[in-house]
Amino acid sequence: MHHASADAASRCARRGVGQHPRVPLIERSTFQPWPLLRGPHAQTCWPTLLRRPGPVDAQAELIPTPDGDILENEWWRGPALAQRVAILSHGLEGSSRGKYVIGLARVLRAAGWDVLARNFRGCGPGGMNRAFRLYHSGETDDLATVVAWAAERYECIVLAGFSAGGNQTLRYLGQVSDAVSPRVAAAVAFSVPCDLGSSSRRLETAENRIYLVRFMKRLREKIRAKEAQFPGKLELRGLDKMRTFWEFDDRFTAPMFGFGNAAGYYEQASSAPWLERIRVPTLLVNAADDPFLTPPCQPVDAALANPALFLEMPAHGGHVGFVGSDGYWSDHRALAWCEEVTGAPRWRGAANAAKAAG
């Protein structure tokens with residue numbers, strides 16, 4: 001396991017990536033699957049079907065975008081004035097109400113973090129967004145908007161993303177690179193399809209058909225809702241016959257965001273080409289048995305080349321699974337990483353001082 005040895009507090013003010021011991025590949029993951037759930041599909045399906053994270057007790061927060069839309073987010077805030085916040089990004093066709101989002105939010109909140117769970121456009125509990133555009137798996141403008149909003153209110157920010165939200169998070173950090181706000185101290189991402197093209201093809205295999213059918217059903221519903229909102233702007237002919245991401249993205253996603261076609265979208269929206277430019281201490285956890293991922297989604301070379309990128313590849317875990325005998329390991333792994341990098345005691349002290357002064 002990796003252990004920080006430098007002054008962790010200084011990394012929130014200006015990340016001292018070079019101060020980390022060089023452990024790019026965390027070869028001995030602490031994750032041990034629940035013995036009854038060792039298989040990748042069992043790990044993947046169990047949380048979706050049977051996880052019970054508790055009631056949603058978050059508060060709504062609307063953040064305006066530069067193009068006139070509204071981003072729908074949900075807050076978990078504590079009674080004390082916290083100085084640190086975690087921004088959570090869900091997966092494809094998920095939301096801030098996702099079980100894995102709520103689970104991580106509760107763990108972070110119990111440790112003294114405020115948590116902002118953001119929704120991609122058209123995914124929030126309030127329904128469809130106002131603008132014509134939706135989102136894609138590599139979209140970073142909206143994350144940048146939320147980060148800028150948080151940087152005006154918090155001393156310390158960490159980013160956490162799952163699957164497509166993890167791809168957005170990693171791509172964002174690579175794009176902004178050294179220009180990222182000094183208040184962004186750390187990031188963690190789970191089950192990330194760093195190479196969107198090969199991952200989309202992997203989901204077309206027979207063993208993954210059940211997942212693809214579920215995703216496509218939701219995507220078709222999303223397009224129909226957007227067409228009802230903006231009549232005549234989308235061509236729905238053949239929508240019901242689409243069975244793959246490639247068909248869907250070639251018809252809808254790529255034209256909506258100016259990628260030309262699906263191949264161009266996958267190439268340009270993948271986070272893999274940006275990983276070597278990340279400068280914030282970032283932990284990427286991709287299970288070796290993840291049924292959604294391919295070898296290009298396990299960026300060993302990028303981790304070896306970039307002192308800020310740490311890659312952990314547990315043998316088991318499935319896709320956004322990580323169900324252990326004592327609960328959901330990924331929640332506690334994320335918390336441990338964020339507190340290790342940011343130096344949690346300092347921020348607890350800052351919060352207590354602010355409360356006393358107020």
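Helices and strands are DSSP runs, numbered from the N terminus. The structure shown in these views is a predicted model.

**Figure 1. Overall content of the predicted model.** The protein contains 12 helices and 11 strands. Of its 358 residues, 58% count as buried. Among contacts between residues at least 6 apart in sequence, 77% join residues at least 24 apart. The accessible surface comes to about 14,400 Å², and carbon and sulfur atoms account for 55% of this area.

Figure 2. His319 lies in the loop that links β9 (309-312) to β10 (323-324). With a relative accessible area of 8%, His319 is buried, because the cut-off for that class is under 20%. Leaving aside residues up to four places away in sequence, His319 touches Thr44, Ser163, Ser191, Asp290, Pro291 and Phe292. One of these neighbours, Asp290, makes a side-chain to side-chain polar contact with His319 at 2.9 Å. Phe162 and His319 are separated by 157 residues in sequence, yet their C-alpha atoms are 9.3 Å apart in space.

Figure 3. Most residues other than glycine have a negative phi. Ser191, a contact of His319, has a phi near 55°. Ser191 belongs to the loop between β7 and α6 (196-202), and at 0% relative accessibility it counts as buried. Glu93 also is not a glycine and has a positive phi, of about 55°. The location of Glu93 is the loop between β4 and α3 (99-110). The relative accessible area of Glu93 is 9%, so this residue is buried.

**Figure 4. The open sheet of nine strands.** The strand order is β1-β9-β8-β7-β6-β4-β5-β3-β2, and the pairing is mixed. The edges are formed by β1 (25-26) and β2 (59-64), each of which pairs on one side only. Strands of a sheet pair through backbone hydrogen bonds, either parallel or antiparallel. Helix α4 (residues 141-151) lies across β2, β3, β4 (84-89), β5 (114-118), β6 (156-162) and β7 (184-190). The direction of α4 is at about 165° to that of β4.

Figure 5. Strand β3 (residues 70-76) pairs with β2 in the antiparallel sense over six bridges. Within this pairing, Gln59 stands opposite Trp75 in β3. The two strands β2 and β3 form a hairpin with five residues between them, and Gly68 in the turn has a positive phi of about 90°. Strand β3 is also joined to β5 by four bridges, again in an antiparallel arrangement. Here Glu74 stands opposite Ala117 in β5. Because five of the seven residues of β3 are buried, this strand is largely enclosed by the rest of the structure.

Figure 6. A search of the whole structure finds zero disulfides. Cys45 has a relative accessible area of 25% and is therefore partly exposed. Cys123, at 9% relative accessibility, counts as buried.

Technical notes. Residues are numbered from 1 along each chain as its sequence is written. This is a predicted model: local features need pLDDT of at least 70, side-chain atom pairs count only at pLDDT 80 or more; totals for chains, interfaces and linings use all residues. Side-chain values use heavy atoms; hydrogens and water are left out. Buried means under 20% relative accessible area, exposed over 50%, partly exposed in between (1.4 Å probe, protein chains only). Contact means heavy atoms within 4.5 Å. A polar contact is a pair of N or O atoms within 3.5 Å; within protein, one must be able to donate a hydrogen and the other to accept it, and residues adjacent in sequence count only if both atoms are side-chain atoms. Two strands pair if DSSP finds at least two bridges between them. Axes are lines fitted to C-alpha atoms, for helices over the stretch in contact, and angles run from 0 to 180 degrees between N-to-C directions. A disulfide is a pair of cysteine sulfur atoms within 2.5 Å. Accessible areas come from the Shrake-Rupley method with a 1.4 Å probe; for residues, only the protein chains shown count as cover.
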